[in-house]
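Thanks for sending this one over. Here are a few friendly notes to read with the model open beside you.

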Amino acid sequence: MLSVKRLVQGHLSEREMMAAWQEGRLSAHLDACVACQDRYVELLSFLDRQRLAALDAADDAFTPDRLAAQKSQVLRRLENLARPVRVLAFPHQRRVAPSVNRAGRRWVAVAAAAGLIIGLAAGLAVNVHPFGSDFAQRGSFTRASNGRPDARAESASGPRVQTTPDRLVTDEAFLTELEAALDGPRVEELAALDALTPRVRDVALLVR
Amino acid sequence: MGASQSALATVGREADARDASEVKRLLACGGDAEARERFAEIVHRHQRRASRIAYHYLRDVAEADEAVQDAFVKAYLHLGSFREELPFEVWFTRILVNGSLDRIKSRARRERWLLPRTENPDDGSSVLDQTPASGPSPEDALLASERQRRLSAALGQLPDRQRLVFVMTQVEGWSSKDVGAATGLNESTVRVHLFRAIRKLRKLLSDEPETAERERAVR
C-alpha cells in the first residue's frame, strides 16, 4: 500500500529502493530526489542497526569462553573418532539364546518325553515289578492258608501254574541275593545308617 | 560488503583452501593428529560466524552450539568430498544449514506431540530475548538490550528461510550468490526472500523510536 502510494507520488517504490540497495547502484531518480535519498539513507540506517543488534545478540550468547569450549569439544569428538570403540561392561538383560540352541533344547525335551512314554509303555507291557505278579498270588495264598479259596481270583486269572510256598521261597531267595548285591553298604560312613534300615528279607521273614 | 571486508574474505578463503587440502593430504597418509591440529585452525576461523548463523536460525544457544559442533565433525569426516572450486565456508555453511534445518524439523515434530516449553514462567520470553547486552553504561546497555529483544522477537516472526537469508546477507555480509550456494536456493529466490524479510522486519519494527522519528522527518 505504501509502495503504491510512493509510486503514485512519483517516488521510488519500496521494491525499487530495495533493488537499488541490493545491486548497489543508485538510479537517476534517487540521484535527484531528496525525499527518496532520505528514505534510502533511512533504509541503510535501519539495516545497519539491525545488523549490529543481531551481531551483539549472537556475540553475547557466544562468549569467548563458550567458543573455546565449543572448539575443544569439537576436537575431542574428532579425537574420539580416531580411537577404536570401547565397549563398556554394563549390566544388561540376559542375552537371548540363539535359535539353534532353542531348537536343540526343544528336541531334548521331546526326546525326554518320548523316552518316558516308551519306558512306561514297556513297563506296562513287560510288568517287571518284582512284586507285581505276586500280589494276587500272595492274596490267594493268604486266603488259601485260611482254608477259603478265592473263587473270584481264580476265575479271573485262570489256573495258576505254581501257587505253592516253594515259589515264594524261590522269589525271596532271589530278592535277598539281589538286595545283598545292590544295597550293600558301599560307603563306610553310611554303614551305621545302613544297619538301621529295615531290609526286605527281614520283612519277608516276619510275613512268613 | 566493503572493500576491506572483501579483501579479508579473499584471504580467508585462500587460507581455507590451503588448510583443507592439507588436512585431506594428512588424513590420506595417516597423520590423524596433525590433521586434527590443522583442522582446529579452520574451526577457529569459522566457529564465530557459524555460531551466529546457527543461533539466529535455531533461536536457541545450546542447540546452535550442538549444530555447529555437528557441522564441524561432519565436515571433517567428509572433507574428502570437498572440492576446492567451491569456497570452504560455503560448503561448510551448507552442512550447517542442512543440519540446522533437520533440527528445526525435529523440534517441530516434538512440539506437535509435547507441550510447549516455557523457559521463563514469569513472562514467557525466551533465553534469547533475555540475553544481556554489553555497553558502556547501564542506559546504553538497556537500550541495546531492548533493541536486541525487539529484533529477536521480529526475527522470530519471520519464516525460517527468510530469517536465514536475512542473517546470512545482512549480518554475515554474504552475497546472494553465496547464500544461494549455501542454502541450495536460486539467487533470485534469495533476493525475494531478503526483500520480504526486510519489508516484514521494517513493518514489525516500525514503532521503533528512531525509525518512527526518521519516518516522520521524511514525511
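Among contacts in chain B between residues at least 6 apart in sequence, what percentage join residues at least 24 apart?

1. The figure is 60%, where a contact means that the C-beta atoms of two residues, placed from the backbone, lie within 7 Å.

2. Before going on, some ground rules. This is a predicted model, in which local features need pLDDT of at least 70 and side-chain atom pairs count only at pLDDT 80 or more, while totals for chains, interfaces and linings use all residues. Residues are numbered from 1 along each chain as its sequence is written, with chains lettered from A and ligands numbered from 1 in the order in which they are written.

3. Chain B has 9 helices and 0 strands (DSSP runs numbered from the N terminus, H or I of at least four residues for helices, E of at least two for strands). Of its 219 residues, 35% count as buried, a label given when 20 or more other C-beta atoms lie within 10 Å of a residue's own.

4. On confidence, chain B has a mean pLDDT of 81, and 79% of its residues reach 70 or more; pLDDT is the predictor's confidence in each residue, from 0 to 100. Among the elements of chain B, the highest mean belongs to α3(B), at 94, and the lowest to α9(B), at 51. Where pLDDT is low, the predicted coordinates should not be read in detail. For the complex, the predictor gives an ipTM of 0.73 and a pTM of 0.58.

5. Now to a helix pair. In chain B, α2 (residues 32-58) and α6 (residues 160-171) pack with their axes 9 Å apart, at an angle of about 150°; axes are lines fitted to C-alpha atoms over the stretch in contact, and angles run from 0 to 180 degrees between N-to-C directions. That angle makes α2(B) roughly antiparallel to α6(B), the term for angles over 145 degrees.

6. Where they meet, α2(B) brings B:Arg52, B:Ile53, B:His56 and B:Tyr57, and α6(B) brings B:Arg163, B:Leu164, B:Val167, B:Met168 and B:Val171. By class, this contact has 6 nonpolar, 1 polar and 2 charged residues (Ala, Val, Leu, Ile, Met, Phe, Trp, Tyr, Cys and Pro count as nonpolar, Asp, Glu, Lys and Arg as charged, and the others, Gly among them, as polar).

7. Finally, the partner chain: 41 residues of chain B are in contact with 31 residues of chain A. α2(B) gives the most to the side of chain B that touches chain A, with 12 residues. That side divides into 19 nonpolar, 11 polar and 11 charged residues.

Definitions and conventions:
Angles under 35 degrees count as roughly parallel, over 145 as roughly antiparallel, 65 to 115 as roughly perpendicular and the rest as oblique. A residue is buried if 20 or more other C-beta atoms lie within 10 Å of its own, exposed if 12 or fewer, and partly exposed in between; C-beta atoms are placed from the backbone.
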